[in-house]
Amino acid sequence: MIFLIAEHKDNKLKPITSELLVFAQRVSRDFSQPITAIVLGSGATAIVEELKSKKVDRILTADHEQLAEYNPDTYVAVLQAIINQEKPFLVVIGHTTQGMDFAPRLAARLRKPLIAGCVEYEKLGDHLVLTRQIFNAKMNMKTGLRGAPPYLATASPGAFPADEVEAGSNAEVVQFPVELTDATRRKVVGRVEVPKGKADLSSAPIIVSGGRGLKEKDNFSLIFELADAIGGSVGASRPVVDAEWLPREYQVGSSGQTVSPKLYFAIGISGAIQHLVGMQTSRCIVAINKDAEAPIFKVAHYGITDDLFKVVPALTKIFKDLRQV
Ligand SMILES: Cc1cc2nc3c(=O)[nH]c(=O)nc-3n(C[C@H](O)[C@H](O)[C@H](O)COP(=O)(O)OP(=O)(O)OC[C@H]3O[C@@H](n4cnc5c(N)ncnc54)[C@H](O)[C@@H]3O)c2cc1C
């Protein structure tokens, strides 16, 4: 059995859950293992309904008022009980802030290894081999799993394409009897949303990012205009943020946001490794740079080697004209 831990917020599945579904559905096919989606929450019926439309064999819900808000103590306690009872083959979790918080604790509690940040897997004979990126995504490491299951793995956002989720309708819904004491070490006292302004990059399907090649803050209006014409969100490289042309939440890269849109424009961005690790899983990358040797062209699907001050206004005009047609 393959477990996937559904990540959700405000009664909606988070995008990473679709990616986990793709991961689980592929492993399920290769290893002939059924899928159980695990939903921890309180009154999460909308989540269960959303999952019912996906190809999973079973939805196991753990419903308790103490699970209304994410808390690593309660998550680990409940998941440990479920895993000990059900003995799955593989447990897949998002490599997200939440997943990275509870997955290592859960692995330690179960005394099982955790393969973190997986981007791919393969089947070697009867064995599962998981691939994860190391050294700032400069190298891939394949990890064979030894010992008895369950195996725990977190999947990097963007590694498994969310739009390839298979639909279904026959999932059985089962309730797991939750037993929790009040003795949690942490209590959520409130949630403060990060002010995101125009830079809601985590789920943006199109991102138009600008870099130091824009030369000065005022020129960034070119990026906003192109983003507006194409219906995308604006992103930036770190020097743009360090120079205070834009606030920190716009930054893409190892010390900023990791994004995986369908379309990513890198404009006046050289393609330093710290930027690439934040965007290289984008489905289609378009680079505009006057330097034909810029490393960004190594990951770009389409490249324009020219002066951005010529190319960007021309592109904006084309997209605006297309909108009017
Ligand atoms: C610990 C650490 C963490 C970091 N984290 C991040 C991070 O999260 N995100 C990030 O982005 N960086 C990060 N960096 C910085 C990173 O190493 C690079 O310095 C940075 O990505 C470079 O930004 P850039 O491409 O905008 O600028 P540059 O490297 O200066 O590149 C500018 C590009 O613009 C092109 N250009 C110039 N003029 C034009 C023109 N008229 N038309 C077309 N092209 C033009 C140039 O050819 C050049 O390729 C980090 C660095 C460290 C050490």
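Tutor: The account below concerns the ligand and the residues around it.

This is a predicted model, in which local features need pLDDT of at least 70, side-chain atom pairs count only at pLDDT 80 or more, and totals for chains, interfaces and linings use all residues. Residues are numbered from 1 along each chain as its sequence is written, and side-chain values use heavy atoms, with hydrogens and water left out.

The ligand is surrounded by 26 residues, each having a heavy atom within 4 Å of it. The closest are Ser237, Gln251, Ser255, Ser270 and Asn289. By type, this shell comprises six nonpolar, 13 polar and seven charged residues; here Ala, Val, Leu, Ile, Met, Phe, Trp, Tyr, Cys and Pro count as nonpolar, Asp, Glu, Lys and Arg as charged, and the others, Gly among them, as polar.

A polar side-chain atom of Ser255 is 2.7 Å from a nitrogen atom of the ligand. For Asn289, a side-chain N or O atom lies 2.7 Å from an oxygen atom of the ligand, and for Gln274 the corresponding distance to a ligand oxygen atom is 2.8 Å. Of the 990 Å² of accessible area that the ligand has on its own, the protein covers 76% (Shrake-Rupley method, 1.4 Å probe).

Helix H6 (238-242), helix H7 (273-276) and helix H9 (308-324) are the elements that give two or more residues to the shell; helices are DSSP runs of H or I with at least four residues, numbered from the N terminus.

Definitions and conventions: A polar contact is a pair of N or O atoms within 3.5 Å; within protein, one must be able to donate a hydrogen and the other to accept it, and residues adjacent in sequence count only if both atoms are side-chain atoms.
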